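Biologist: I'd like to learn how to read a model like this one. Could you walk me through it, feature by feature?

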Amino acid sequence: LYASQGSSYLFISRDRGDSWEILSTLSGGAQIKSVAVNALDTNIILVAQEAGPPDRIMKSTNNGATWVQTLAGDFYYWGVPLAYNPVPGNDTVFTMGSNVIRRSTNFGTTWDSICSNPFGSSNQGWEFALHRPDSTNILLAADNSTGIWKSTDYGVTWRLTHSTAGEVPALAFTPGNPKVIYGARWSGGGGFVKSTDGGETWRLSTPLNNLNLWGVSVSTTNPDYVITGTFGPPLSTTGGIYVSRNAGVSWERTSQGLSNSLNFACLVVDTFSVFVLQGNGIYKYQHPQRLLTVTSPDTPEI
């Protein structure tokens, strides 16, 4: 796992989050906003970093020992600038800086301008974007005031497929079935949305109506296991992490071990390796069965 603590330090964990160490320090900039690690060679890393204005994208080919700046541009403050699908052989990365969408086909060494801000003058850039693994021409992007947009021509033109008056801070594909997509909504009524047709249409998950949500993740091994986190509500009432084991039909809330109600991201490797990034740090879910048993590769997921 890779992470940053809102600083110029890039951390790495080699034991699924049980311990962390500094992998690299990116001098000359401020907080690291997103990280992309090449699927075939983990020595090759991209980071998007606040550094200005302008902000910048930095690339390392030697596991963080040295870095080269490959792009300058201002990122939307709340956004995740890099969109990359870690599929072996995929070197295509998208970003949005200074209100221009750009694409790199050599994992961030050079960048081509694709289009100027297609989301309207009130937007400051995308908040989150996905690059579909099985159809490289298809992208989805969520912004800070209008909703979810879709492109089928590598980001040249866009259509609004889900309209909302608030932010959509995160999206997630279902591994193995990229037509099933989830999205979190913050403000504008809040809630959680799901698409089963590749982002053409969306429906709200009734149990999470009116909740201000932020992060989203789907298990890489169990497509029915989905989590999302609230941004704002107190942990004593409706705040915390919501878990669905049936692809968003029903949800269970947990705030076990959390001391901060602001969720910024979620990551599910499998149902025994569930992580959330809160306002005061990274938390790993301690599943009761994990604490009581020694698991093997054949241990069923819960």
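Predicted model: local features only at pLDDT ≥ 70, side-chain atom pairs only at ≥ 80, totals over all residues.

Biologist: Which order do the strands of the open sheet have?

Modeller: Strands are DSSP runs of E, at least two residues long, numbered from the N terminus, and two of them pair if DSSP finds at least two bridges between them. Here four strands make an open sheet in the order β4-β5-β6-β7, paired antiparallel. β4 (32-37) and β7 (68-72) are at the edges with a single partner strand each, so one side of each has no neighbour in the sheet.

Biologist: How many bridges join β5 and β6?

Modeller: Five bridges link β5 (residues 45-49) to β6 (residues 56-60) in the antiparallel sense. Look for A48, which stands opposite I57 in β6.

Biologist: Now the loop. Is G28 buried or exposed?

Modeller: Buried means under 20% relative accessible area, exposed over 50%, and partly exposed in between, using a 1.4 Å probe and protein chains only. G28 comes out at 66%, so G28 is exposed. You'll find G28 in the loop between β3 (21-25) and β4. Leaving aside residues up to four places away in sequence, G28 touches A51 and R56, where contact means heavy atoms within 4.5 Å.

Biologist: What about the second largest pocket: what is its volume?

Modeller: On a 1 Å grid over the protein atoms alone, a pocket is an open set of points with protein on both sides within 12 Å along at least five of seven lines; a cavity is a set where a 1.4 Å probe fits but cannot get out, and lining residues have an atom within 4 Å of a point. The second largest pocket holds about 260 Å³. Of its 17 lining residues, I241, V243, T254, Q256 and Y285 are the closest to its centre. β23 gives the most to this lining, with three residues.

Biologist: And which residues line the largest cavity?

Modeller: They are F75, Y76, G79, V80, P81, M96, Q124, G125 and W126. The largest cavity has a volume of about 30 Å³.

Note on methods. Residues numbered from 1 in each chain as written. Heavy atoms only, no water. Points joined across faces, edges and corners; volume = space filled by probe spheres on them.
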